[in-house]
Amino acid sequence: MGLLDDLDISILAFIADFPNSTVTDCAKTIFEPENTEDLQKKDSFLRHRFKALHEANYLNFETEGSKKKYQIIKEKVSF
């Protein structure tokens, strides 16, 4: 993963403030979608970013049922 953009930093800041959050929690907060369809689009969009941040070792997750709950990797991310 190359340089982080503003959206990546927003995701990391959100997860730092609200550990154990899901992608959907983040989508609701960052984008404030007006309806379910918009939420689904933003959620799908963010899933790719979360995957890239996880693969770059900025995020880790635990699976609870069908949900992934994310945490930052404190050795790699500090604010």
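Me: Helices cross left-handed if the near one is turned anticlockwise from the far one by less than a right angle, and right-handed if clockwise. Is the crossing of H1 and H2 left-handed or right-handed?

Reply: This is a predicted model, where local features need pLDDT of at least 70 and side-chain atom pairs count only at pLDDT 80 or more, while totals for chains, interfaces and linings use all residues. Residues are numbered from 1 along each chain as its sequence is written, and side-chain values use heavy atoms, leaving out hydrogens and water. H1 spans residues 6-17 and H2 residues 23-31 (DSSP runs numbered from the N terminus: helices H or I, at least four residues; strands E, at least two). Their crossing is right-handed.

Me: How many residues in the contact of H1 with H2 are charged?

Reply: H1 brings Leu7, Ser10, Ile11 and Phe14 to the contact (heavy atoms within 4.5 Å), and H2 brings Asp25, Cys26, Thr29, Ile30 and Phe31. Counting Asp, Glu, Lys and Arg as charged, these residues divide into 6 nonpolar, 2 polar and, lastly, charged: 1.

Me: Which residue's side chain makes a polar contact with the side chain of Asp8?

Reply: Asp8 sits in helix H1 and counts as buried because its relative accessibility is 3%. At 3.0 Å, its side-chain partner is Arg49.

Key
Axes are lines fitted to C-alpha atoms, for helices over the stretch in contact, and angles run from 0 to 180 degrees between N-to-C directions. Buried means under 20% relative accessible area, exposed over 50%, partly exposed in between (1.4 Å probe, protein chains only). A polar contact is a pair of N or O atoms within 3.5 Å; within protein, one must be able to donate a hydrogen and the other to accept it, and residues adjacent in sequence count only if both atoms are side-chain atoms.
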